[in-house]
Amino acid sequence: MITRARYYEGETFAEFMARPTIKNREMWVALTHRTSIPLEISARVEALHGQWHLLVLSEDWCGDSINIVPIVAKLTESVSNMDMRILERDENLDIMDTHLTGKSRSIPIVILLNPKFQECGWWGPRPRELQKWVVEEGMKLPKAERYKEVRTFYARDHGLTTMGEIVDMLEECCVRGPITAPAASSAAS
């Protein structure tokens, strides 16, 4: 399913941003420019051995992707031992369907691959706290109000929760090793 070759078929973040027709370009650019990675987060990743790979399933129209993918990209750019590629969800349903949030093809999904391109874990589609709120409270609100609250969370959080949860996953994978079957999403649990 996920191989070294398939991973490298994905776009780098720079290639993704260079697309001539990216939806919501202004939002992607603004969030990319506003994102900064705290030194302690980069140091935690740099302290781990090996070259790590993050495979992100996303689509350019997705509001959660707009708020998360630039953070993941900046994180990988801030360290020497991790890189990232993006695959479109709708063109990679075989991967997506093994990383569902409940029964939903929610994105973005960040799949952690070890230096041998073995899957070690996955994260998504939102930080745990936000996902819990969406499932328990947010779904009771009209869509417009729900998304306003989601955007407010992202604006206040500055990506810190996302960074922390992804680095936590990476550290756990260094101890545990590769998984044999897709694990449950950290955000869905």
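1. Start with the leucines in the sheet: leucine 54 stands opposite leucine 112, which belongs to strand E3. This is a predicted model, so read every value below as computed from it. E3 covers residues 109–113, and its pairing with E1 is antiparallel, with 5 bridges between the two strands.

2. Strand E2 (residues 82–88) runs parallel to E1, and 7 bridges link the pair. If you want a spot to look at, take tryptophan 52, whose bridge partner in E2 is methionine 82. To get from E1 to E2 the chain passes through helix H5 (residues 63–77), and this β-α-β crossover is right-handed.

3. How many of the residues of strand E1 are buried? The count is 7 of the 7 in residues 52–58, so the strand is largely enclosed by the rest of the structure. Both faces are covered: one side carries Trp52, Leu54, Val56 and Ser58, the other His53, Leu55 and Leu57, and all of these are buried. Note that a serine and a histidine are on that list along with the leucines.

4. Now the aromatics. The structure holds 6 aromatic pairs. One of them joins tyrosine 7 and tyrosine 8, in an edge-to-face arrangement with 5.0 Å from centre to centre and 85° between the planes.

5. Most residues other than glycine have a negative phi. Phenylalanine 117 sits in the loop between E3 and E4.

6. You will find histidine 158 in the loop between helix H8 (143–157) and helix H9 (160–176). With 57% relative accessibility, histidine 158 counts as exposed.

7. There are cis peptide bonds to check too. One joins isoleucine 107 and proline 108, with omega about 5°. Proline 108 is in the loop between helix H6 (93–96) and E3. Another runs from glycine 124 to proline 125, where omega is near 0°. Proline 125 is in the loop between strand E4 (119–123) and helix H7 (128–136). For context, most peptide bonds are trans.

8. A polar atom of the threonine 32 side chain lies 2.7 Å from the backbone oxygen of tryptophan 28. Leaving aside residues up to four places away in sequence, threonine 32 touches Phe13, Met17, Pro70 and Lys74.

9. Last, a charge over a ring. Which residue lies over the face of tyrosine 147? That is arginine 146, at 5.3 Å from the ring centre.

Methods
Residues are numbered from 1 along each chain as its sequence is written. This is a predicted model: local features need pLDDT of at least 70, side-chain atom pairs count only at pLDDT 80 or more; totals for chains, interfaces and linings use all residues. Side-chain values use heavy atoms; hydrogens and water are left out. Rings of Phe, Tyr and Trp (its six-membered ring) pair if their centres lie within 6.5 Å; planes under 30 degrees apart count as stacked, over 60 as edge-to-face and the rest as tilted. A charge sits over a ring if NZ of Lys or CZ of Arg is within 6 Å of the ring centre and within 35 degrees of the ring normal. Buried means under 20% relative accessible area, exposed over 50%, partly exposed in between (1.4 Å probe, protein chains only). Helices (H or I, at least four residues) and strands (E, at least two) are DSSP runs, numbered from the N terminus. Two strands pair if DSSP finds at least two bridges between them. A crossover is right-handed if, with the strands pointing away from the viewer, the path from the first strand over the helix to the second runs clockwise. A polar contact is a pair of N or O atoms within 3.5 Å; within protein, one must be able to donate a hydrogen and the other to accept it, and residues adjacent in sequence count only if both atoms are side-chain atoms. Contact means heavy atoms within 4.5 Å.
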